[in-house]
Amino acid sequence: MTVWLAVVCPDCGLDDIIKHGKSPEGKQRYLCRNSDCLRRTFVLDTQQPGRKREVKQKIVDMAVNGSGVRDTARVLHVSPATVIRELKKSRRNSNK
Ligand SMILES: [Zn+2]
């Protein structure tokens with residue numbers, strides 16, 4: 001008997017999903033069985049925080065509040081390089 005999961009493909013939205021081993025980080029990987037789907041394999045937690053607008057805003061907010069690059073990176077789970085890049089961008093925008 002199969003224990004069915006409420007998992008849908010993040011690309012095509014279908015729930016024709018089977019387990020497909022583990023990602024390098026040890027997360028459950030899934031395989032989409034929709035033959036028209038472009039993605040095919042995925043992990044459920046596919047967040048890439050450094051690319052999210054809210055995280056960028058938080059990087060700027062924390063810098064305004066006096067947080068260092070390393071603290072900000074640790075709290076937001078991004079790399080210090082991401083923090084530095086976002087801060088440079090935001091300074092450029094505010095120095096018009
Ligand atoms: Zn799919």
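Figure 1. E86 and K89 lie three residues apart in helix α3, which is about one turn of the helix. Helices are DSSP runs of H or I with at least four residues, strands are runs of E with at least two, and both are numbered from the N terminus. The two side chains form a salt bridge with their closest N and O atoms 3.2 Å apart; the term denotes a side-chain nitrogen of Lys or Arg within 4 Å of a carboxyl oxygen of Asp or Glu. E86 counts as buried at 7% relative accessibility, whereas K89, at 33%, counts as partly exposed. Buried stands for under 20% relative accessible area, exposed for over 50%, and partly exposed for values in between (1.4 Å probe, protein chains only). This is a predicted model, in which local features need pLDDT of at least 70 and side-chain atom pairs count only at pLDDT 80 or more, while totals for chains, interfaces and linings use all residues. Residues are numbered from 1 along each chain as its sequence is written, and side-chain values use heavy atoms, with hydrogens and water left out.

Figure 2. D71 is partly exposed, with 35% relative accessibility; R74 is exposed, its relative accessible area being 56%.

**Figure 3. Salt bridge between R33 and D16.** The structure holds three salt bridges, and one of them joins R33 to D16, with the closest N and O atoms 3.1 Å apart. This pair links distant parts of the chain, 17 residues apart: R33 belongs to the loop between β2 and β3, and D16 to the segment before β1. R33 has a relative accessible area of 46% and is partly exposed. D16, at 32% relative accessibility, also counts as partly exposed.

**Figure 4. Zinc site.** The protein donors of the zinc ion are the SG atoms of C9, C12, C32 and C37, at 2.3 to 2.4 Å from the ion. Donors are N, O and S atoms within 2.8 Å of the metal (3.2 Å for Na, K and Ca); water is not among the atoms, so sites may look incomplete. The site is tetrahedral, with angles of 102 to 116° among the four donor atoms; for four donors, this label requires all angles to lie between 85 and 135 degrees. The donor residues follow the spacing C-x2-C-x19-C-x4-C in sequence. C12 is in the segment before β1 (17-22) and C37 in the loop between β2 (28-32) and β3 (41-43), so this pair ties together parts that are 25 residues apart in sequence. C12 is partly exposed at 30% relative accessibility, while C37 is buried at 7%.

**Figure 5. Nonpolar cores.** The largest nonpolar core has eight residues: V55, I59, M62, A73, L76, V78, V83 and L87. Such a core is a set of buried Ala, Val, Leu, Ile, Met, Phe, Trp, Tyr and Cys residues joined through side-chain atoms within 4.5 Å. Two or more residues come from each of α1 (53-64), α2 (69-76) and α3 (80-94), and the largest share, three residues, is from α1. Apart from this core lies another, of seven residues, including V7, Y30, C32 and C37.

**Figure 6. Surroundings of M62.** M62 touches S67, D71, T72, V75 and L76, not counting residues up to four places away in sequence. Contact here means heavy atoms within 4.5 Å.

Methods. Four donors count as tetrahedral if all angles lie between 85 and 135 degrees; four count as square planar and six as octahedral if opposite donors are over 155 degrees apart and all others between 65 and 115; anything else is irregular.
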